[in-house]
Amino acid sequence: MRRSVVNEVIARAEGMMRDHGFVLPPFARWGPWELVRRAAGTRIAEARMGWDVTDYGAGRFDEMGLVLFTLRNGRPGDLAAGRGMAYAEKLLVSQEGQLSPMHTHRIKAEDIINRGGGTLAVQLHGSDGEGRFDEGRGGTVLVDGTAREFAPGEVLRLARGESVTLMPGDWHAFWGEGGAVLVGEVSTVNDDETDNVFRDPIGRFSDIEEDEAPARLLVSDYDLWLSEATPTGR
């Protein structure tokens, strides 16, 4: 993706979140060098809190992509111990018809919530005994706390305020219908680098073409930017 497109997408997502009454934490508005100065050595960098824009490496963001902001993220050690900060929270923006492709998680359980906008369409598949995608298998999920069986490939349509609970092995894809959707995610500790298992061989993060300066850093920028010495004059 071009950095200019990333900048535009983030600005649009900020506007949608604001329009729906969600106030992001201050670090969401930090420019690159302010984040470098203030976030190094904090939980912000360690937990990969912040902006994430992906086209899944396909180069067709309008058709297949997602904007995310990680508000908080716990510690894997706490999750393993069964106590402490074992949770995470995100906001996502899914455009109308913009696919987040079929995937599951090995560890993470998550509530996916329609926080505003259009209808959130969630396609579901079950898994085999080893957690692998099974085209012919359905399963059971919780929809607002009530168990609901789904057929293989069934599409749930969540109106504003509705949610679905997905466990490891629940394969799912989602997109917006009738307009962009502001999506909430409440989950166990999030690890986007190792805990996303896609049905098809695609990437989780995008390669960025630096055609202009970043307005906001992405979580995938942190290692490079935070490893460099603070430049003089910044």
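## Spaces and salt bridges in a predicted model

Phe 27, Ala 28, Trp 30, Leu 35, Gly 50, Trp 51, Phe 69, Arg 216, Leu 217 and Tyr 222 line the second largest cavity. This is a predicted model, in which local features need pLDDT of at least 70, side-chain atom pairs count only at pLDDT 80 or more, and totals for chains, interfaces and linings use all residues. Residues are numbered from 1 along each chain as its sequence is written, and side-chain values use heavy atoms, with hydrogens and water left out.

**Enclosed spaces**

Rolling a probe the size of a water molecule over the atoms shows where empty space is left. Here a 1 Å grid over the protein atoms alone is used: a cavity is a set of points where a 1.4 Å probe fits but cannot get out, and lining residues have an atom within 4 Å of a point. Grid points are joined across faces, edges and corners, and a volume is the space filled by probe spheres set on the points.

The structure holds two cavities of 30 Å³ or more. The largest cavity has about 160 Å³ of space. It is lined by 17 residues, and Leu 66, Leu 68, His 103, Glu 185 and Asn 196 are the closest to its centre. Strands S2 (66-73), S3 (87-94), S5 (110-127) and S11 each give two or more residues to this lining. S11 gives the most, with three. Helices (H or I, at least four residues) and strands (E, at least two) are DSSP runs, numbered from the N terminus.

**The open pocket**

A pocket is an open set of points with protein on both sides within 12 Å along at least five of seven lines. The largest pocket has a volume of about 330 Å³. Of its 19 lining residues, Glu 46, Ala 47, Arg 48, Asn 190 and Asp 191 lie nearest the centre. H3 and S2 each supply at least two residues of the lining.

The table sorts the linings by class. Ala, Val, Leu, Ile, Met, Phe, Trp, Tyr, Cys and Pro count as nonpolar, Asp, Glu, Lys and Arg as charged, and the others, Gly among them, as polar.

| Space | Volume | Lining residues by class |
|---|---|---|
| Largest cavity | about 160 Å³ | seven nonpolar, four polar, six charged |
| Second largest cavity | about 40 Å³ | eight nonpolar, one polar, one charged |
| Largest pocket | about 330 Å³ | five nonpolar, five polar, nine charged |

**Salt bridges**

A salt bridge is a side-chain nitrogen of Lys or Arg within 4 Å of a carboxyl oxygen of Asp or Glu. The structure holds 23 of them. In one, Asp 223 pairs with Arg 48, with the closest N and O atoms 2.6 Å apart. Asp 223 lies in helix H5 (residues 222-227) and Arg 48 in the loop between helix H3 (43-46) and strand S1 (50-54), so the bridge ties together parts 175 residues apart in sequence.

Buried means under 20% relative accessible area, exposed over 50%, and partly exposed in between (1.4 Å probe, protein chains only). Arg 48 is partly exposed at 23%. Lys 108 and Glu 110 form a salt bridge at 3.7 Å, N to O. Lys 108 is buried at 3%, and Glu 110 is buried at 3% too.

Arg 157 bridges to Glu 177, the closest N and O atoms being 2.8 Å apart. Arg 157 sits in strand S9 (residues 155-158) and Glu 177 in strand S11 (residues 171-188), so this pair links distant parts of the chain, 20 residues apart. Arg 157 is partly exposed at 48%, and Glu 177 is partly exposed at 23%.
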